[in-house]
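Reader: I'd like to learn how to read a fold by eye. Could you take me through it feature by feature?

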Amino acid sequence: MCDFGDGLLGPEREALIAAGSALIKLGMTDPAALSAEGWADAIVQLVQTSETAGVMAGQYMDAGDQRAACYTKGEKSVVALVSAKTHVPRQRATQLLRAGRTRHRFPHFHRALIEGKITTGHVDIITRAAKTADSRQFACSEKDLAALAVLCTPEEFRVKLDEWLAAADPNEHLDEFLRAQARRHFVWGRDLFGNIHFDGTFEPLAGEAVINAVHHREKELAAVRPEVVGAALAHDALVDLILGDASPKGHIEILYPQGQDPRDEQPKERIKLGSNPPTPNDQFLSDHVNDWLDRLDRQPTGPIPVPAPGGTGFGSVIYPKTARGTLVPPSVVDEMGGRRRYHPLDTDGNLVNDRPGGRHFGAVQKRMIRLRDNTCQHPGCQ
């Protein structure tokens with residue numbers, strides 16, 4: 001190899017000759033004669049030489065930028081020249097130029113680039129970090145950071161560099177942490193079907209604690225409820241953590257026509273089958289028959305009137321709702337705990353024992369309007 005000494009771009013020219021020699025040797029080799037290991041070596045060598053050529057292009061771009069070479073081609077910057085003449089994206093051209101300027105700012109990284117030990121990806125990372133790092137600490141540690149970069153992929157180097165930045169300046173991430181704190185929020189909304197949708201951002205400390213608690217509860221629930229998996233399991237775990245019970249205890253409003261109080265119904269005697277005590281099979285048949293009879297009892301015995309548009313719909317139908325007006329199947333209500341309110345209604349859907357209101361609606365009237373209408377009654381408003 002020729003020794004260019006300290007001439008202009010001497011090390012760069014030497015690296016180019018070495019890369020060119022490797023490419024010529026590789027180009028003269030018949031790929032059909034290569035073994036599997038030879039193919040792997042050829043791939044690695046091609047990638048390394050192409051990366052070296054890219055770095056050398058960046059070095060020449062930097063030197064050409066100082067000599068205003070781009071103006072001879074009618075361009076105002078060397079990045080614009082490369083992008084216009086080679087159709088290389090401006091982002092890639094800028095990356096090459098950034099790698100070419102390492103000889104001024106990061107001499108040890110420049111040497112590693114020339115030797116092909118690191119890539120332009122490492123340079124991108126160190127360039128961004130140098131903008132915020134303590135300049136004195138960075139100058140003292142640049143050699144060690146370059147040695148670290150040689151041992152890491154760009155992704156690994158980014159992680160290690162973040163750790164170094166935190167140690168070099170304990171307040172380096174303070175602003176970022178405070179911004180994360182400021183972004184924390186938790187909002188919810190309700191759709192037309194009564195489903196509740198949550199959205200929010202948790203700051204790192206509280207967020208990780210919440211996720212860990214949910215994951216721990218998921219494992220506990222999975223052991224006793226293997227049929228529930230995925231997102232449904234995470235839902236049950238979060239509900240269980242908040243309410244203390246995986247079965248939520250809601251506030252149920254039961255509206256019924258006057259004179260048909262469902263609380264007056266006497267519980268029916270359960271059917272018993274088999275011997276005394278019953279066998280497991282007899283017990284299963286007994287439960288199955290009684291469940292079927294219970295469902296049959298809940299079926300309407302007569303025609304159900306169709307509510308008129310804008311009408312109350314409460315004249316002759318007993319149907320429970322949540323406190324916000326969402327319909328709940330009676331079979332589900334029977335299995336739910338929580339508070340229940342019973343409201344007798346007249347044929348117009350008004351409370352039987354309601355008292356005349358004053359200037360404003362009372363608390364009970366507000367609740368009943370919400371239960372009756374569920375949404376705004378203005379035409380077209382949902």
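Reader: Let's start with strand S3. Which residues point one way from S3, and which the other way?

Author: Some ground rules before that. This is a predicted model, where local features need pLDDT of at least 70, side-chain atom pairs count only at pLDDT 80 or more, and totals for chains, interfaces and linings use all residues. Residues are numbered from 1 along each chain as its sequence is written, and side-chain values use heavy atoms, with hydrogens and water left out.

Author: As for names, helices (H or I, at least four residues) and strands (E, at least two) are DSSP runs, numbered from the N terminus. Now to your strand: Ile 252, Ile 254 and Tyr 256 point one way from S3, while Glu 253, Leu 255 and Pro 257 point the other way.

Reader: On to helices. How do I describe the way two of them pack?

Author: Two packed helices are described by the angle between their axes and the distance between the axes. The axes are lines fitted to C-alpha atoms, for helices over the stretch in contact, and angles run from 0 to 180 degrees between N-to-C directions. Take helix H1 (residues 10–27) and helix H2 (residues 36–66): their angle is about 150°, and their axes are 10 Å apart.

Reader: What do you call that arrangement of H1 and H2?

Author: Angles under 35 degrees count as roughly parallel, over 145 as roughly antiparallel, 65 to 115 as roughly perpendicular and the rest as oblique. H1 and H2 are therefore roughly antiparallel. There's a handedness too: a crossing is left-handed if the near helix is turned anticlockwise from the far one by less than a right angle, and right-handed if clockwise. H1 passes H2 in a left-handed crossing. Contact means heavy atoms within 4.5 Å, and the residues making it include Leu 16, Ala 19 and Leu 23 of H1 along with Leu 46, Thr 49 and Met 56 of H2.

Reader: At what angle do H7 and H9 pack?

Author: Helix H7 (residues 120–132) packs against H9 at about 20°, with the axes 9 Å apart. That angle makes H7 roughly parallel to H9. Their crossing is right-handed. Among the residues that meet are Ile 125, Ile 126 and Ala 129 in H7, and Phe 157, Leu 161 and Leu 165 in H9.

Reader: How many aromatic pairs does a search of the whole structure find?

Author: Rings of Phe, Tyr and Trp (its six-membered ring) pair if their centres lie within 6.5 Å; planes under 30 degrees apart count as stacked, over 60 as edge-to-face and the rest as tilted. The search finds six pairs. In one of them, the rings of Phe 109 and Phe 157 have centres 6.1 Å apart and planes at 55°, so the pair is tilted. Phe 109 sits in helix H6 (residues 107–114) and Phe 157 in helix H9 (residues 154–168), so this pair ties together parts 48 residues apart in sequence. Phe 109 is buried at 0% relative accessibility, and Phe 157 is buried with a relative accessible area of 0%.

Author: Then try Phe 138 and Trp 164: the ring centres are 6.4 Å apart and the planes at 70°, so this pair is edge-to-face. Phe 138 is in helix H8 (residues 135–150) and Trp 164 in H9, 26 residues apart. Phe 138 counts as buried at 9%, as does Trp 164 at 19%.

Reader: Which residues form one aromatic cluster?

Author: The cluster holds Phe 106, Phe 109, Phe 138, Phe 157 and Trp 164.

Notes:
Buried < 20%, exposed > 50% of the residue type's maximum accessible area, 1.4 Å probe, protein only.
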